Amino acid sequence: MALFNKRKRDKYDIYHDILKACKSTVGGINKTRLMYSANLTFEVANKYLPLLEKSGLIARKDNLYFITKKGEEVLQKLTKFKEIKGEMKEIIEKLKEELPP
């Protein structure tokens with residue numbers, strides 16, 4: 001039986017996934033492919049894409065999205081943050097096993 005991860009992504013996970021999807025394509029990525037790659041609903045895409053565009057992290061040209069230099073820098077920081085967050089979760093789980101409730 002497969003277990004599914006039922007956690008909701010926080011905004012930093014969503015930012016990371018969008019920037020990563022934009023970076024993964026050389027000639028830009030269209031909105032549909034970006035939504036598929038970043039696992040976004042239409043509503044979530046419409047919420048976050050304009051925010052990232054206004055922040056200068058992604059750029060849109062001819063209905064294609066591109067990561068900017070600033071976006072690549074932020075993506076590196078988000079990747080590091082995601083790694084540290086994963087390590088922290090592991091530590092918390094180990095502490096839960098060792099400490100009384």
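This is a predicted model: local features need pLDDT of at least 70, side-chain atom pairs count only at pLDDT 80 or more; totals for chains, interfaces and linings use all residues.
Residues are numbered from 1 along each chain as its sequence is written, and side-chain values use heavy atoms, without hydrogens and water.

**Exercise 1.** Work out the order and pairing of the strands in the open sheet.

Solution. Strands are DSSP E runs of at least two residues, and helices are H or I runs of at least four, both numbered from the N terminus. The order is S1-S3-S2, with antiparallel pairing. Pairing takes at least two DSSP bridges between two strands. The edge strands, S1 (29-30) and S2 (58-61), each pair on one side only. S1 and S3 share two bridges. Ile29 has Tyr65 of S3 as its bridge partner.

**Exercise 2.** Find the residues of the largest nonpolar core that touch the most other members.

Solution. Such a core joins buried Ala, Val, Leu, Ile, Met, Phe, Trp, Tyr and Cys residues through side-chain atoms within 4.5 Å; buried means under 20% relative accessible area, with a 1.4 Å probe and protein chains only. This core has 21 residues, and Ile18, Cys22, Leu34 and Leu40 touch the most other members. H1 gives the most, six residues.

**Exercise 3.** Identify the contacts of Lys85 beyond four places in sequence.

Solution. Contact means heavy atoms within 4.5 Å. Lys85 sits in H4 (residues 69-98). Lys85 contacts Asp10 and Asp13. The side chains of Lys85 and Asp10 make a polar contact at 3.1 Å. That term requires N or O atoms within 3.5 Å, within protein one able to donate a hydrogen and the other to accept it, and residues adjacent in sequence count only if both atoms are side-chain atoms.

Definitions and conventions. Buried means under 20% relative accessible area, exposed over 50%, partly exposed in between (1.4 Å probe, protein chains only).
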